[in-house]
Amino acid sequence: MPIWTEWWFWMAAALALATLEVLIPSFISLGFAIGAAVMGLLTLVGITFTLPITLVVFAVASLIAYIGMRYFFALPKGQVKHWDTDINE
């Protein structure tokens, strides 16, 4: 049985990518983590694909998650964050 058909492989990848998101903040790693979690849930319920289809589903789920996070969590266009105080003050 190939490794990409195991649910725990995708959940471990999601956990590793979510940890990477904590270490290097951006929406990219978290988007991939959500895509891996979606693949983990799909394989957990018994839906498996061939490797090329699996990678396409993972990529599409990651892209949708990334675009969704950018839409909901990004600043409105034209706005910039300004820091008035420093954490060390």
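Let's start with Ile3, which sits in the segment before H1; helices here are DSSP runs of H or I with at least four residues, numbered from the N terminus. At 41% relative accessibility, Ile3 counts as partly exposed, a label for values between buried (under 20% relative accessible area) and exposed (over 50%), with a 1.4 Å probe and protein chains only. Keep in mind that this is a predicted model, where local features need pLDDT of at least 70, side-chain atom pairs count only at pLDDT 80 or more, and totals for chains, interfaces and linings use all residues. Residues are numbered from 1 along each chain as its sequence is written, and side-chain values use heavy atoms, leaving out hydrogens and water.

Now move on to H1. This helix has 17 residues and spans 25 Å from first to last C-alpha, close to the 24 Å expected at 1.5 Å a residue; the expected span is 1.5 Å times one less than the number of residues. Which residues of H1 are buried? They are Trp10, Ala14 and Glu21. They lie on the same side of H1 because they cover an arc of only 45° around the axis, taken from the directions from the helix axis to the C-beta atoms. On the other side of H1, Leu15, Val22 and Leu23 are exposed. The buried residues of H1 pack against H2 and helix H3 (51-73).

Finally, look at Thr43 in helix H2. Thr43 counts as buried because its relative accessibility is 10%. Leaving aside residues up to four places away in sequence, Thr43 touches Trp4, Thr5, Glu6, Trp7, Trp10 and Thr48, where contact means heavy atoms within 4.5 Å.

Methods. Helices (H or I, at least four residues) and strands (E, at least two) are DSSP runs, numbered from the N terminus.
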